Amino acid sequence: LLTPCSRRIASLGRVSLRTNFLGSSVVSYGTTSAASDLTRSITGARWDHSVLLENLSSDRLYYVRVKSENGSVSRISETISFRTPDSTPSYTVSSSHPRIFFNQGEIPSIRDRIRSAPYDAWWSSIVSFCNQKLGVSVSDIVNDYPRTNTALAFAGLIGDVSSYRDKAIAVAMSMAGLPSPGDNKEMRRRIDLILPVYDWLHAYLTSSQKSALRSKLASYAALLEDLVKDTEFADGHSNGNQNGAFLAALGIYGEDSSAAGMIARALVRYNEGFWAFWREHGSENGGSFKSGWYTTVATEFNYEVFAAWKSATGKNLFQIEKAWFAGLADWYLHSLRGDMSWDRHGDVVFQQGVDEVEKYILIQIAREYKNTGAQWLGGRILDFVGVWGPNMVFDILWYDASVPERAPAQALSR
């Protein structure tokens, strides 16, 4: 087993391998297929060998070959290659709206999708939910689950229903009129409520409405960014705070002078902090270094960034971060108990059963990597939690009906 570059910091690459005999190893690597420019030694008799390659150039193709031996056995691996990431990757954020989770060019296909199964039933659930919310006061929705306004904005745009749009806009404007809270989780909730209106319904907003919502998103993004700590790449609130700041800044990118800097700084933190930690501790064996509850919460903060970045720039972070993200499907499959809950460990006591966030993780893994086991488990979670209006927005956006479901043959819990 030879796994290069489990961390994607441009100057570093990790080579790990396992031998079926005790021995030492010499790793040869370089920028030609001969893999002979430099060497690193792994001394001592061992089964598992790992070495960090340092001082690599960014955006370069490297070749690696390993020779392992002891006094009686000698083996040479195949030559593999990997490309180091660009330390200053280029990107262009779409200048049009929507851009968060889907873009203008995708709207026709979304409207076509909701005419056929299973999307049509999910769309009907959203419409029914939105009809109910038309009779609910703006103040009640302001204090409600943020996905209520997400559903209103989505149905108002995709279904071209002005009453849904007007309600969503009124809720967002009411929220924007409130004084800023001191609580970071409340700021993130407000971004979740305002951002779909600003981005998805941008064409329906007046200039003054755009200005008010944009100003509030910029303010929340700046406050949340200030709370991100370089000591909390693995735990704490920084992942969620960075998520909120990133999504808000992406929504107002090109329209507020602070957004570009926030995006640039966030990408450094993600590539050299948050995702580097996942790559180092998740990619070599697959799965997660966190308990069930923390895995779900932390992964939600990351897949939202992946999905938004893909629709806004065309850059596919799901593929770039495949080494650790794809393995989460197996982690969930092997953690599932017969009562549709997860193996108990760590802080999993906070959330013992399955929920829609795990379903979103799995259907995105199914879509991006054609993972039939992830599709199967996502379907079982949907059967368990049921169809509920506001949650189905993301099923419509992310579920790929062309990927078949295939139940795993082995036992699920281990």
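This is a predicted model: local features need pLDDT of at least 70, side-chain atom pairs count only at pLDDT 80 or more; totals for chains, interfaces and linings use all residues.
Which way does helix 10 pass helix 14, in a left-handed or a right-handed crossing?

1. **Helix 10 against helix 14.** The crossing is left-handed. Helix 10, residues 292–313, and helix 14 have axes that come within 10 Å and cross at roughly 45°. That angle makes helix 10 oblique to helix 14. If you want to look at the contact yourself, helix 10 brings Thr296, Thr299, Glu300, Tyr303, Ala307 and Lys310. Helix 14 meets them with Val357, Glu358, Tyr360, Ile361, Gln364, Arg367 and Glu368.

2. **Helix 14 against helix 15.** On the helix 14 side the contact is made by Glu358, Lys359, Leu362, Ile363, Ile365 and Ala366. The helix 15 side supplies Ala374, Gln375, Leu377, Gly378, Ile381 and Leu382. Glu358 is worth a click, as this residue of helix 14 also belongs to the contact with helix 10.

3. **Helix 13 against helix 15.** Here the packing angle is about 50°, and the axes are 9 Å apart. That makes helix 13 oblique to helix 15. Helix 13 passes helix 15 in a left-handed crossing. Ala329, Tyr332 and Leu333 of helix 13 touch Gly373, Ala374, Trp376 and Leu377 of helix 15. Ala374 and Leu377 also take part in the contact with helix 14.

4. **How covered is helix 13?** Seven of its eight residues are buried, so helix 13 is largely enclosed by the rest of the structure. The buried set is Leu328, Ala329, Trp331, Tyr332, Leu333, His334 and Ser335. Ala329, Tyr332 and Leu333 from that set are the residues of helix 13 that make the contact with helix 15.

5. **Helix 15 itself.** This helix covers residues 372–385, and its 14 residues should span 20 Å at 1.5 Å a residue. The end C-alpha atoms are 20 Å apart, which agrees. Helix 15 is mostly covered, with 10 of the 14 residues buried. These are Thr372, Gly373, Ala374, Gln375, Trp376, Leu377, Gly378, Gly379, Ile381 and Leu382. Besides helix 13 and helix 14, they pack against helix 2 (119–133) and helix 16 (392–398).

6. **The two ends of helix 15.** At its start, a side-chain oxygen of Asn371 comes to within 3.0 Å of the backbone nitrogen of Gly373. Just after the helix, Gly386 has a positive phi of about 85°.

7. Is Gly389 buried or exposed? At 2% relative accessibility, Gly389 counts as buried. Setting aside neighbours within four places in sequence, Gly389 contacts Ser125, Ile126 and Phe129. By contrast, 27 Å separates its C-alpha atom from that of Phe318, which is 71 residues away along the chain.

8. **Helix 7 for its length.** Helix 7, residues 207–226, has 20 residues that should span 28 Å; its end C-alpha atoms are 29 Å apart, which agrees. Its buried residues are Gln209, Leu213, Lys216, Leu217, Ala218, Tyr220, Ala221, Leu224 and Glu225.

9. **Cis peptide bonds.** Most peptide bonds are trans, and the next examples deserve a look. The bond from His97 to Pro98 is cis, with omega near -5°. Pro98 lies in the loop between strand 5 (80–83) and helix 1 (107–113). Ala117 and Pro118 are also joined by a cis peptide bond, with omega about 0°. Pro118 is in the loop between helix 1 and helix 2.

10. Most residues other than glycine have a negative phi. Asp59, however, has a positive phi of about 50°. Asp59 lies in the loop between strand 2 (38–53) and strand 3 (61–69), and it is partly exposed at 38% relative accessible area. For Asp160, phi is near 55°, again a positive value. The loop that holds Asp160 runs between helix 4 (147–158) and helix 5 (162–176).

Technical notes. Residues are numbered from 1 along each chain as its sequence is written. Side-chain values use heavy atoms; hydrogens and water are left out. Helices (H or I, at least four residues) and strands (E, at least two) are DSSP runs, numbered from the N terminus. The expected span of a helix is 1.5 Å times one less than its number of residues. Buried means under 20% relative accessible area, exposed over 50%, partly exposed in between (1.4 Å probe, protein chains only). Contact means heavy atoms within 4.5 Å. A polar contact is a pair of N or O atoms within 3.5 Å; within protein, one must be able to donate a hydrogen and the other to accept it, and residues adjacent in sequence count only if both atoms are side-chain atoms. Axes are lines fitted to C-alpha atoms, for helices over the stretch in contact, and angles run from 0 to 180 degrees between N-to-C directions. Angles under 35 degrees count as roughly parallel, over 145 as roughly antiparallel, 65 to 115 as roughly perpendicular and the rest as oblique. A crossing is left-handed if the near helix is turned anticlockwise from the far one by less than a right angle, and right-handed if clockwise.
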